[in-house]
Amino acid sequence: MQPVVVQHPLAQCHLAAIRAVGTPSHDFRRHLNHLARMLFLEASRELPVREISVQTPLIETQGSQLARPLVFVPILRAGLGLLDGILPLVPEAVVAHVGIKRNEETALPHAYYSNLPACLSAADVFLLDPMLATGGSACEAARQLKAAGALRITLVCAVSCPEGLAAMEHAHPDVPIVTAAIDDGLNDKCYIVPGLGDAGDRYFGT
Ligand code: PRP
Ligand code: URA
């Protein structure tokens, strides 16, 4: 499945701001939150709705309601930066958490926490992580979600690269990916180039 790259000019301006090394954490947060909203609007474009009747102050008319519950799953930590931007759009969504940390020597994912709800099979699930580098973290998170019953998963990430996209295509070809960029690739420390550095450190100021 081809990733969707959000080319909207405002999204690309927010992306440039979070890439810039001089952007302080408070601005990094603001720009990543805005970018997350724009990515989620694209990722949620095909969500099914049901018709409902709405009584306005004047007459009854037709409106829409989401047909299925939404579950947001940030990969800790940096996925929280996308969640902060998106959750205000759908405050009734369920938030589940997956904790995964890359081993700094091997870049392999270490899963250290998981709290997933029982309703996954009935929900539209959005997996949130700003960075798709080797793809190890996203592949492991998607595996956990499927094992817990998720049937419809979409991955939302700010920056991706060919290696991570290939890993997801190999392990989870049924998971659509919405991103703001497909970068050149990984360096010898498995960081995305040009990338933006360590997303979690920059978001949380650590
Ligand atoms: C970063 C990032 C992704 C992962 C991407 O998290 O937020 O989760 O690396 O790399 P991958 O595609 O090669 O797995 P990190 O492991 O640094 O944890 P953190 O968010 O707690 O800083
Ligand atoms: N994790 C990050 O935060 N940045 C990268 O470039 C790769 C993994």
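A polar contact, as I use the term, is a pair of N or O atoms within 3.5 Å; within protein, one must be able to donate a hydrogen and the other to accept it, and residues adjacent in sequence count only if both atoms are side-chain atoms. Keep that in mind for G197: one of its backbone N or O atoms lies 2.7 Å from a nitrogen atom of ligand 2.

Now the ground rules. This is a predicted model, where local features need pLDDT of at least 70, side-chain atom pairs count only at pLDDT 80 or more, and totals for chains, interfaces and linings use all residues. Residues are numbered from 1 along each chain as its sequence is written, chains are lettered from A and ligands numbered from 1 in the order in which they are written, and side-chain values use heavy atoms, with hydrogens and water left out.

Let's stay with ligand 2. Which residues are around it? They are R102, M131, A133, C190, Y191, I192, G197, D198 and A199. To be near a molecule, a residue needs a heavy atom within 4 Å of it. By class, this shell divides into 6 nonpolar, 1 polar and 2 charged. The classes work like this: Ala, Val, Leu, Ile, Met, Phe, Trp, Tyr, Cys and Pro count as nonpolar, Asp, Glu, Lys and Arg as charged, and the others, Gly among them, as polar.

I192 has a backbone N or O atom 2.8 Å from an oxygen atom of ligand 2. A199 also places a backbone N or O atom 2.8 Å from an oxygen atom of this ligand. How much of ligand 2 does the protein cover? The answer is 88% of the 240 Å² of accessible area that ligand 2 has on its own. Those areas come from the Shrake-Rupley method with a 1.4 Å probe; for residues, only the protein chains shown count as cover.

And the site itself? Ligand 2 takes up space in the largest pocket. A pocket is found on a 1 Å grid over the protein atoms alone: it is an open set of points with protein on both sides within 12 Å along at least five of seven lines. A molecule sits in one if more than half of its atoms lie within 2 Å of its grid points.

Over to ligand 1. Ligand 1 sits in the largest pocket. It is surrounded by 15 residues, and the closest are R102, D129, T134, G135 and S137. R102 is also one of the residues around ligand 2. The shell of ligand 1 splits into 6 nonpolar, 4 polar and 5 charged.

Which elements supply at least two residues each to that shell? β6 (97-102) and α4 (136-147) do. β6 gives the most, with 3 residues. Helices (H or I, at least four residues) and strands (E, at least two) are DSSP runs, numbered from the N terminus.

Now the contacts of ligand 1. A backbone N or O atom of R102 lies 2.7 Å from one of its oxygen atoms. T134 brings a polar side-chain atom to 2.6 Å from an oxygen atom of ligand 1. Alone, ligand 1 exposes 500 Å², and the protein buries 94% of that.

Next, the backbone. Most residues other than glycine have a negative phi, and most peptide bonds are trans. Here are the exceptions to look at. The bond from L76 to R77 is cis, with omega near -5°. R77 lies in the loop between β4 (70-76) and α3 (79-86). V193 and P194 are joined by a cis bond as well, with omega about 5°. P194 is in the loop between β12 (192-193) and α6 (199-204).

Then phi. A107 is not a glycine, yet its phi is positive, about 65°. Its place is the loop between β6 and β7. Is A107 buried or exposed? It counts as buried, because its relative accessibility is 7% (buried means under 20% relative accessible area, exposed over 50%, partly exposed in between, with a 1.4 Å probe and protein chains only). E105 is in that loop between β6 and β7 too. E105 is exposed, because its relative accessible area is 75%.

C190, from the ligand 2 shell, also has a positive phi of about 65° without being a glycine. C190 is in the loop between β11 (185-186) and β12.

Last stop: S160, in strand β9 (residues 153-160). S160 is buried, at 0% relative accessible area. Its side chain reaches the backbone oxygen of A181 at 2.8 Å.

Methods. On a 1 Å grid over the protein atoms alone, a cavity is a set of points where a 1.4 Å probe fits but cannot get out, and a pocket is an open set with protein on both sides within 12 Å along at least five of seven lines; lining residues have an atom within 4 Å of a point.
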